[in-house]
Amino acid sequence: MAWRQLSLRTRHPEFAEEILDANGAVSVSVLPTDDAEAILEPGPGQTPMWQEALVQGLFADDADLDPARAALAELLPDGDGVTPDEALVPDADWVRNCLDSMTAMRFGERLWVTPHHRDVPDDDAVVVKLDPGLAFGTGTHPTTDLCLRWLDGAALAGKRVLDYGSGSGILAVAALKLGAREAVAVDNDPQAVRASRENAINNGVADALHCCDIDAFDAGTGFDVVLANILAEPLIALAPTLLSALRPNGDIVLAGLLDRQADRVAAAYPGIDWTREGHEGWTRLAGRSTN
């Protein structure tokens, strides 16, 4: 099987990575260009920062790449001057290649995310074991980083948590490992639902994590914590759903939005007292319901 690859040079690789992920990329690589001059030595799990980077998105051989091209042109800050190149690449063991380069990553004071073949150098760590797969979310992206750091600092003991748009289920699994009583992982991609379930089993929290498709989601008695790491426009459209799922005095955390989109997203959620934190051009909104 061959794969279709979109490649582009950009000064905003973190934006390009998110856009390609959201438009069906199986994997995304961020590499230096041949003439790149490094301006920052990244830490573990951080996106390498160069004056310009080469971003490569890998797609199935029958994928329609027009939506990804259109999204790059519309959403990438330097999209007007970017023309992605397309190529066919032979099949390879992409997961193994990714595993070989992954290391244990720390988020906040206690929380670590690591592939199964890596050890964590902290006997007191709260560890989430997560290997890369087709469902988005391994902790390396700034939006996931922001959410994991919030979870590390939150008081989660005994709480019921919703991870809406769960991808790999990393946020739900991390919440349970950090003391949450129950979590629900919701996604519209059956592959993501399966990935969340498998990651829960691999981390010993399967009994406390319920995974479901969006059509089967029922807020029930509500949630103490609502997490949604998606994109700005879906977050705006989902405001009634996420607010209705939140218990009074509950916490809500929204990510996946660019800094310039934060005001519009916050305005869609009346009754929330927001705080903001940014990382590499992305913003996380965290707030508590006043109702």
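Reader: Which helix is Pro-142 found in?
Author: Pro-142 belongs to helix α4, which covers residues 142-153. Please keep in mind that this is a predicted model.

Reader: Is Pro-142 buried or exposed?
Author: Pro-142 has a relative accessible area of 1%. Buried means under 20%, so Pro-142 counts as buried.

Reader: And what separates the C-alpha atoms of Pro-142 and Ala-255?
Author: The distance between those two C-alpha atoms is 9.4 Å. Along the chain, Pro-142 and Ala-255 are 113 residues apart.

Reader: Which strands does α4 lie across?
Author: Helix α4 lies across β13 (223-229), β14 (246-258), β15 and β16 (282-289). With β16, the helix makes an angle of about 35°.

Reader: What is the order of the strands in the open sheet of 7 strands?
Author: The order is β12-β11-β10-β13-β14-β16-β15, and the pairing is mixed. The edge strands, β12 (209-213) and β15 (272-279), each pair on one side only. From one strand to the next, the twist averages 15°.

Reader: What does pairing mean here, in general?
Author: Strands of a sheet pair through backbone hydrogen bonds, and they do so either parallel or antiparallel.

Reader: In which sense do β10 and β11 pair?
Author: Strand β10 (residues 160-164) and strand β11 (residues 182-187) pair in the parallel sense, over 5 bridges. Asp-163 stands opposite Ala-185 of β11.

Reader: How many bridges are there between β10 and β13?
Author: There are 3 bridges between β10 and β13, again in the parallel sense. Leu-162 has Val-226 in β13 as its bridge partner. Strand β13 is also joined to β14 by 6 bridges, and these two strands run parallel. Ala-228 has its bridge partner in β14, namely Leu-254.

Reader: How many residues of β13 are buried?
Author: In β13, 7 of its 7 residues are buried, and the strand is described as mostly covered.

Reader: Changing topic: how many residues are in the largest nonpolar core?
Author: The largest nonpolar core has 35 residues. Leu-148, Leu-151 and Leu-209 are those with the most contacts inside this core. Helix α5 (residues 170-177) gives the most to the core, with 7 residues. A second, separate core has 27 residues, including Val-226, Ala-239, Ala-262 and Ala-266.

Reader: Which residues does Leu-151 touch?
Author: Leaving aside residues up to four places away in sequence, Leu-151 touches Arg-110, Leu-156, Leu-171, Ala-174, Ala-175, Leu-178 and Leu-227.

Reader: Which residues in α5 are buried?
Author: They are Ile-170, Leu-171, Ala-172, Val-173, Ala-174, Ala-175 and Leu-176. Helix α5 is thus mostly covered, with 7 of its 8 residues buried. After α5 comes Gly-179, whose phi is positive, near 120°.

Reader: What about the sheet of 4 strands; what is its order?
Author: That open sheet has the order β2-β5-β1-β6, with antiparallel pairing. Its edge strands are β2 (27-32) and β6 (85-89), each of which pairs on one side only. Neighbouring strands in this sheet are turned by 25° against each other on average, direction ignored.

Reader: How many bridges join β2 to β5?
Author: Strands β2 and β5 (residues 53-59) are joined by 6 bridges and run antiparallel. Pro-32 stands opposite Ala-53 of β5.

Reader: Which helix packs on that sheet?
Author: Helix α1 (residues 13-22) packs there, touching β1 (3-10), β2 and β5. The direction of α1 makes about 5° with that of β5.

Reader: How many helices and strands are in the chain?
Author: The chain contains 9 helices and 16 strands. Of its 291 residues, 50% are buried.

Reader: What is the mean pLDDT of the chain?
Author: The mean pLDDT is 83, and 84% of the residues reach 70 or more.

Reader: Where does pLDDT stay under 50?
Author: It stays under 50 over residues 36-49, for which the model has 25 contacts beyond four places in sequence. Where pLDDT is low, the predicted coordinates should not be read in detail.

How values were computed:
Residues are numbered from 1 along each chain as its sequence is written. This is a predicted model: local features need pLDDT of at least 70, side-chain atom pairs count only at pLDDT 80 or more; totals for chains, interfaces and linings use all residues. Side-chain values use heavy atoms; hydrogens and water are left out. A nonpolar core is a set of buried Ala, Val, Leu, Ile, Met, Phe, Trp, Tyr and Cys residues joined through side-chain atoms within 4.5 Å. Buried means under 20% relative accessible area, exposed over 50%, partly exposed in between (1.4 Å probe, protein chains only). Contact means heavy atoms within 4.5 Å. Two strands pair if DSSP finds at least two bridges between them. Axes are lines fitted to C-alpha atoms, for helices over the stretch in contact, and angles run from 0 to 180 degrees between N-to-C directions. pLDDT is the predictor's confidence in each residue, from 0 to 100.
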